[in-house]
Amino acid sequence: MRPMQYYPLIQTEDVVGTSSFYQRHFGFRPMFESDWYVHLQSVAEPSVNLAVLKHDHETIPAEARGVTQGVILTFEVEDVDAEDARLRAEGVSVVSKLRSEDHGQRHAIYRDPNGIMIDVITPIPPAPEFQADYAAEALPA
């Protein structure tokens with residue numbers, strides 16, 4: 001398989017509200033918009049996409065309708081401290097406060113209107129005990 005694009009799809013009861021949340025707080029714009037589905041694209045980085053789908057839409061297999069467990073969206077950004085200040089000022093719900101991790105991330109976790117967690121990260125140099133876990137080309141500097 002050679003994927004042409006990859007994007008997560010959020011199932012929700014409130015397509016309009018969820019789409020608006022990601023547009024307002026995370027810089028997305030709609031590329032397709034209907035009452036049951038919205039395809040969003042990052043204004044800053046067009047290769048970053050996200051979809052929002054009505055939770056009970058007929059295209060979803062019956063056993064998967066409304067299931068949103070086990071998903072954390074991750075956005076890697078240049079300056080997580082600045083994004084954290086902006087998101088807090090905008091009133092976005094914080095699940096886990098901004099912190100640096102020994103494994104090589106500085107991040108905070110927020111919650112969208114559906115309860116989905118959003119991990120906003122900036123790579124940082126990892127502690128020595130984690131450096132060997134990285135492929136050489138992926139080691140944050």
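1. Axes here are lines fitted to C-alpha atoms, for helices over the stretch in contact, and angles run from 0 to 180 degrees between N-to-C directions. Helices (H or I, at least four residues) and strands (E, at least two) are DSSP runs, numbered from the N terminus. Contact means heavy atoms within 4.5 Å.

2. This is a predicted model: local features need pLDDT of at least 70, side-chain atom pairs count only at pLDDT 80 or more, and totals for chains, interfaces and linings use all residues. Residues are numbered from 1 along each chain as its sequence is written, and side-chain values use heavy atoms, with hydrogens and water left out.

3. H1 lies across E5, E7 and E8 and runs at about 25° to E8. H2 also packs on the sheet, where it touches E6, E7 and E8; the direction of H2 makes about 20° with that of E7.

4. The sheet is open, with 4 strands in the order E5-E8-E7-E6 and mixed pairing (two strands pair if DSSP finds at least two bridges between them). Its edge strands, E5 and E6 (93-101), each pair on one side only. E7 and E8 run antiparallel and are joined by 7 bridges; His107 has Ile121 in E8 as its bridge partner.

5. Phe26 touches Phe21, Phe75, Leu87, Ile118 and Val120, leaving aside residues up to four places away in sequence.
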